[in-house]
Amino acid sequence: NFVGGQWVDSESTKSVPNINPADTREVLGHVPLSTAEETKAAVAAARAAFQAWRDTPAPVRGRILFQVQALMDKEKEDLARLLTREEGKTVKESMGEIQRTINILEYTAGEGRRIGGSTVPSELPHNFCYTLRQPLGVVACVTPWNFPVAIPVWKIAPALIAGNTVVFKPATLTPETATAVVSIFERAGLPKGVLNMVLGSGGTVGNALVDHEDVRAVS
């Protein structure tokens with residue numbers, strides 16, 4: 001798991017094997033089935049990081065996402081081969097997914113310069129009316145196995161550029177790919193606690209996120 005800017009071992013005694021779908025005799029590793037308490041710790045880390053991230057100017061948040069894009073572009077072949085080994089796409093299809101993700105990052109990072117409210121006419125003289133966009137807070141991102149790079153990024157990146165913090169629960173079928181994605185965000189300079197990841201089942205980790213009073217949105 002990745003909580004508060006630190007890679008931490010799950011305290012759970014339960015796990016499931018991560019199996020290569022092209023050769024089911026090969027076990028790639030074992031995925032911890034993290035607990036509800038560990039999930040709550042990740043939410044607490046995201047909540048603690050929220051105010052500082054919210055106060056970070058949107059263009060600065062965008063620069064970090066541009067760095068995520070640059071790192072993913074540099075490492076796209078290795079990431080594509082990891083995706084293929086764990087999820088089962090051909091390498092060509094995996095490269096296509098990674099390129100789509102790079103495009104998503106480029107667009108979303110640019111939103112750091114475009115986030116704004118609007119001015120509206122007032123019925124009163126000498127009054128100036130305007131709206132501001134405000135982040136919600138902690139956002140939970142729960143993703144499936146079939147696009148294990150693109151779907152997490154098209155959920156996480158928009159949440160981050162808008163000033164939210166994130167707890168990410170990937171599918172248990174693609175934990176290594178998810179870990180690689182989070183590592184790229186970490187190395188791009190994302191502040192501690194802004195993005196957190198908890199590996200585990202939907203019934204435990206997913207429910208703990210959906211039911212948590214500090215989670216303000218679920219994607």
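This report describes selected residues, contacts and cores of one protein structure.

The structure is a predicted model, in which local features need pLDDT of at least 70 and side-chain atom pairs count only at pLDDT 80 or more, while totals for chains, interfaces and linings use all residues. Residues are numbered from 1 along each chain as its sequence is written, and side-chain values use heavy atoms, with hydrogens and water left out.

**Nonpolar cores**

A nonpolar core is a set of buried Ala, Val, Leu, Ile, Met, Phe, Trp, Tyr and Cys residues joined through side-chain atoms within 4.5 Å. Buried means under 20% relative accessible area, exposed means over 50%, and partly exposed lies in between (1.4 Å probe, protein chains only). The largest nonpolar core has 41 residues, and Met72, Leu160 and Phe185 have the most contacts inside it. Apart from this core lies another of 12 residues, including Val138, Ala140, Val167 and Leu209. Contact means heavy atoms within 4.5 Å. Not counting residues up to four places away in sequence, Met72 touches Leu79, Ile98, Thr101, Ile102, Leu105, Val149, Val153 and Ile184.

**Aromatic rings and charges**

Rings of Phe, Tyr and Trp (its six-membered ring) pair if their centres lie within 6.5 Å; planes under 30 degrees apart count as stacked, over 60 as edge-to-face and the rest as tilted. By this rule there are two aromatic pairs. In one of them, the ring centres of Phe2 and Trp7 are 4.6 Å apart and the planes stand at 45°, so the pair is tilted. Phe2 is buried, at 5% relative accessible area, whereas Trp7 is partly exposed, at 38%.

A charge sits over a ring if NZ of Lys or CZ of Arg is within 6 Å of the ring centre and within 35 degrees of the ring normal. The table gives two such arrangements.

| Charged residue | Ring residue | Distance from the ring centre |
|---|---|---|
| Arg61 | Trp53 | 6.0 Å |
| Arg114 | Tyr107 | 5.2 Å |

**Residues in loops**

Helices (H or I, at least four residues) and strands (E, at least two) are DSSP runs, numbered from the N terminus. A polar contact is a pair of N or O atoms within 3.5 Å; within protein, one must be able to donate a hydrogen and the other to accept it, and residues adjacent in sequence count only if both atoms are side-chain atoms.

Asn20 is placed in the loop between β3 (15-19) and β4 (27-32). Asn20 is buried, at 8% relative accessibility, and its side chain makes a polar contact of 2.8 Å with that of Glu26. Ser34 belongs to the loop between β4 and α1 (36-55). Ser34 is buried as well, at 2% relative accessibility, and a polar contact of 3.5 Å links its side chain to that of Ser10.

His126 lies in the loop between β5 (119-120) and β6 (129-130). With 85% relative accessibility, His126 is exposed. The phi of His126 is near 70°, a positive value in a residue other than glycine. Most residues other than glycine have a negative phi.

**A helix residue and the cysteines**

Leu82 is part of helix α3 (residues 76-87) and is buried, at 17% relative accessibility. Not counting residues up to four places away in sequence, Leu82 touches Glu176, Thr177 and Ala180.

A disulfide is a pair of cysteine sulfur atoms within 2.5 Å, and by this rule the count is zero. Cys129 is partly exposed, at 26% relative accessible area, whereas Cys141 is buried, at 1% relative accessibility.
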